[in-house]
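Subject: Structure for your review

Dear colleague,

Please find the structure below, together with its sequence.

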Amino acid sequence: MPVFKKCTCCDNPWLSREEFLEDSQLDFIGYQVNFANLELGYFLFNHLTCQSTIAVHAGLFSDLYDGPIFSERQTNTENCPGYCGDRDALGPCDTECECAYVREIAQIVRNWPKNKCQPDNIAQAGC
């Protein structure tokens, strides 16, 4: 059976993207840009179970976005707030820039509903 992602530290597998995004033991922490190919940049997640950081190509989430994609990059212009150069800057960018759509995907990923009824949380009420 194919695996969407496997933790490089503890070998925990996630069989699907949805399982990965729903995991309450994963925290989205940033985006490491690749200006040559934005979808080859990395979304970074902390795996709370083993305290490691997991990198996933942003392109694996590109189908979650259906808005506009601008053709011109505004990086290092007066219109650019510089978010892409700061992997810890998690907010969206309002600039009409080629990079803006990846930041919109990051918002979708960041705000994905977490599954509260995973094995580590099973004792919680409602699970």
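Two strands are said to pair if DSSP finds at least two bridges between them. Helices (H or I, at least four residues) and strands (E, at least two) are DSSP runs, numbered from the N terminus. Please note that this is a predicted model, in which local features need pLDDT of at least 70 and side-chain atom pairs count only at pLDDT 80 or more, while totals for chains, interfaces and linings use all residues. Residues are numbered from 1 along each chain as its sequence is written, and side-chain values use heavy atoms, with hydrogens and water left out.

The sheet

β3, β4 and β5 form an open sheet in that order, with antiparallel pairing. β3 (26-32) and β5 (52-57) stand at the edges with a single partner strand each, so one side of each has no neighbour in the sheet. On average, neighbouring strands of this sheet are turned by 30° against each other, direction ignored. Axes here are lines fitted to C-alpha atoms, for helices over the stretch in contact, and angles run from 0 to 180 degrees between N-to-C directions.

Six bridges join β3 and β4 in the antiparallel sense, and Q32 stands opposite Y42 in β4. Strand β4 (residues 42-47) is also joined to β5 by six bridges, again antiparallel. In β5, I54 lies opposite F45, and S52 lies opposite H47. The hairpin of β4 and β5 has four residues between the strands, and Q51 takes a positive phi near 65° there.

Helix α2 (residues 100-110) packs on the sheet and touches β3 and β4; its direction makes about 20° with that of β4. Contact means heavy atoms within 4.5 Å.

The chain as a whole

The protein chain has two helices and five strands, which run β-β-α-β-β-β-α from the N terminus on. Its C-alpha atoms fill a box of roughly 50 × 30 × 25 Å, taken along the principal axes. Of the 127 residues, 33% are buried. Buried means under 20% relative accessible area, exposed over 50%, and partly exposed in between (1.4 Å probe, protein chains only).

The N-terminal segment

M1 is found in the segment before β1 (5-6). Why does M1 count as exposed? The reason is that its relative accessibility is 84%.

Yours sincerely
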